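Work through the exercises below with the sequence and coordinates at hand. Each task is followed by a stepwise solution.

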Amino acid sequence: MAAGVVAASLLTLVVTGTAEAKDRRCGPTYEQDGFGSLGTSFTLKSKHDDDGPGGSFVVGEEFEIHTNVSGQVWTITFADNGKVFFTGDDVSTTTGIREQHPTANQPGVTQHMTADALNHTTGETIHGFLDVLPVPRCGG
């Protein structure tokens, strides 16, 4: 792996803005940008939101794989504190892959969100993770 790719593969965390949900502060958006085992870039985002059934509070996770190669099958798995809440196959397009799924909010608990992907054509793996901190008054 080239030195630039190794250096660029260092993970970053960006915390942006706040979301107002039903007039209650519901936390920032957490973001991680990184690279898979063969250099494909990805973005993982997560935040507290009121997108659940009946306006219930959830922690949403959005995962983007920035590939311009179409027709490759990727298996994607989302987990919250180690508990898988989504797994499925997605076929890449020239604009990449984008998956979004919510999981239950756990008030007062830091939620360790992970997204893993396996490219069945190349064998590339991606592992992204974020710690979504509890937010007072969010979902409570």
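**Exercise 1: strand pairing**

Strands β10 and β11 (residues 125–132) pair antiparallel over 8 bridges; trace the pairing of β10 on both sides. The model is predicted, with local features needing pLDDT of at least 70 and side-chain atom pairs counting only at pLDDT 80 or more, while totals for chains, interfaces and linings use all residues. Residues are numbered from 1 along each chain as its sequence is written, and side-chain values use heavy atoms, without hydrogens and water.

Solution.
Step 1. Strands are DSSP runs (E, at least two residues), numbered from the N terminus, and two of them pair if DSSP finds at least two bridges between them.
Step 2. Towards β11, Thr114 has Phe129 as its bridge partner.
Step 3. β10 and β11 form a hairpin with 5 residues between them, and Gly123 in the turn has a positive phi of about 85°.
Step 4. Strand β7 (residues 73–80) runs antiparallel to β10 (residues 111–119), joined by 7 bridges; Thr77 is partnered there with Asp116.

**Exercise 2: Tyr30**

Is Tyr30 buried or exposed?

Solution.
Step 1. Tyr30 sits in strand β4 (residues 29–35).
Step 2. Buried means under 20% relative accessible area, exposed over 50%, partly exposed in between (1.4 Å probe, protein chains only).
Step 3. Tyr30 is buried because its relative accessible area is 7%.
Step 4. The C-alpha atoms of Tyr30 and Leu133 are 9.4 Å apart, although 103 residues separate them along the chain.

Conventions:
Helices (H or I, at least four residues) and strands (E, at least two) are DSSP runs, numbered from the N terminus.
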